[in-house]
Amino acid sequence: MDFSSDTSAPADPTILQALLTANEGMAPSYGADALSARVKSQLTEIFEADLEVYLVSSGTAANALALSLICPSHGAVLCHEEAHIEKDERGAPEFFTGGGKLQLLPGEHARIDVAALQSALNARNAGFVHETPAMALSLTNLTESGAAYSISDIAELSGLAREHNLPVHLDGARFANALQALGASPAEMSWKAGVDILTCGATKNGAMGCEAIILFGDMRDRFFELQTRAKRAGHMPAKMRFLAAQMSAYLEDDLWLTLAGQANAAARELVAILASAGFDRFAHPVDGNEVFVYLPDQIFEDLTNRGLKAYRWLDGSVRFVCNWATSDLELSAFRRELTQITK
Ligand SMILES: Cc1ncc(COP(=O)(O)O)c(C=O)c1O
């Protein structure tokens, strides 16, 4: 009953097999290999757009490199106060931008409140030398509370940023889970909704460690700069083919959507199990693979003693994260233990 995090999940065997296949013989280094080219053509087709892509091995590196491309050292990135880039990256965005700040905005379920963004943008005065002006907007989908922004939410927030010529970054550590939640296409949830630069995660959804930084539209002109920044930051592995092998297998035959669908379905089942035992107060909408539920201390303790792994959250709820490999066996074990405790 391990619902601690999707980062603790195993890698999908198809992806591991792709690594073995990629291991045959020599291949050009630093991204000049055939698999890296294949990833670009797969993504171009999937996103229905010309794009550039750069692969890294962690979500933090992906976010920080992406933000360094759109926020100068003397600017700020507008983001939610619960955003991963704010709460969980040890200042990596500030480090990679060379001093850029994060400007925090409120909003329910870690979705940026439209009025709050509007007033931050209206108050912005980039011509005033003493101010640290917002230079970019960063959104996260799924949000850090497991909720999804709808396509129109993203388009609305991006539209406001664009009125002020601010580029838009989307942290898609759980992009596939969000796609499955919304039934949207990758294009609809990214460039068509005004996203300029997407960090698209695979690690939490079946890869061993691979995230794509994807540049759309005019942002593609900055690709060389992104490469130089990655190199300088030590994020240009010689054997890039092994990152590409993961991403290519992840995208092939919609594996990413299948895996995310499994994780989201497991979360829906978990909600049903909790609700049938009378625990139906959730801190946030369960749109994807994460469940934040209010559980009495004693219940949580008893479940933990019976082998549950999940975290008590700061808001008092308990966070359960399902992943592509969450099994029916685990879910039925959870149902059994919960039933025994509450009967
Ligand atoms: C929304 C979000 N963005 C980025 C990351 C960063 O990923 P990593 O831990 O690979 O650096 C995470 C990881 O939990 C995340 O949840």
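Predicted model: local features only at pLDDT ≥ 70, side-chain atom pairs only at ≥ 80, totals over all residues.

User: Which residues make the contact between H8 and H11, and how do they divide by class?

Analyst: On H8 the contact is made by Ala-176, Asn-177, Leu-179, Gln-180 and Ala-181, and on H11 by Trp-256, Leu-257, Ala-260, Gly-261, Ala-263 and Asn-264. These residues divide into 7 nonpolar, 4 polar and no charged, where Gly counts as polar.

User: What makes H11 roughly parallel to H13?

Analyst: The axes of H11 (residues 255–276) and H13 (residues 328–342) cross at roughly 15° and come within 10 Å. Because angles under 35 degrees count as roughly parallel, H11 is roughly parallel to H13. The contact is made by Ala-266, Glu-269, Leu-270 and Ile-273 of H11 together with Leu-331, Phe-334, Arg-335 and Leu-338 of H13. By class, this contact of H11 with H13 has 6 nonpolar, no polar and 2 charged residues. As for handedness, H11 passes H13 in a right-handed crossing.

User: Into which domains is the chain divided, and what does the side of domain 1 that touches domain 2 consist of by class?

Analyst: The chain is divided into domain 1, covering 12–253, and domain 2, covering 255–342, and 28 Å separate their centres, taken over C-alpha atoms. The contact takes 23 residues from domain 1 and 17 residues from domain 2. On the domain 1 side, the elements that give two or more residues are helix H8 (175–182) and helix H10 (241–251), with the largest share, 6 residues, coming from H8. By class, that side has 11 nonpolar, 8 polar and 4 charged residues.

User: How do you know which residues are around the ligand?

Analyst: The residues around the ligand are Thr-7, Ser-58, Gly-59, Thr-60, Asn-63, His-84, Thr-140, Glu-144, Asp-171, Ala-173 and Thr-203. The largest share of this shell, 3 residues, comes from helix H3 (residues 59–70). By class, the shell has 1 nonpolar, 8 polar and 2 charged residues.

User: Which two residues does a cis peptide bond join, and what sets the phi of Glu-48 apart?

Analyst: A cis peptide bond, with omega about -10°, joins Asn-141 and Leu-142, and Leu-142 is found in the loop between strand S4 (134–140) and helix H7 (151–163). Glu-48 has a positive phi of about 55° although it is not a glycine, and Glu-48 lies in the loop between helix H2 (34–46) and strand S1 (51–56).

Notes
Residues numbered from 1 in each chain as written. Near = placed C-beta within 6 Å. Helix = DSSP H or I, 4+ residues; strand = E, 2+ residues; numbered from the N terminus. Axes fitted to C-alpha atoms, helices over the stretch in contact; angles between N-to-C directions. Parallel < 35°, antiparallel > 145°, perpendicular 65-115°, else oblique. Left-handed = near helix turned anticlockwise from the far one by under 90°. Contact = placed C-beta atoms within 7 Å. Domains from an automatic or database assignment.
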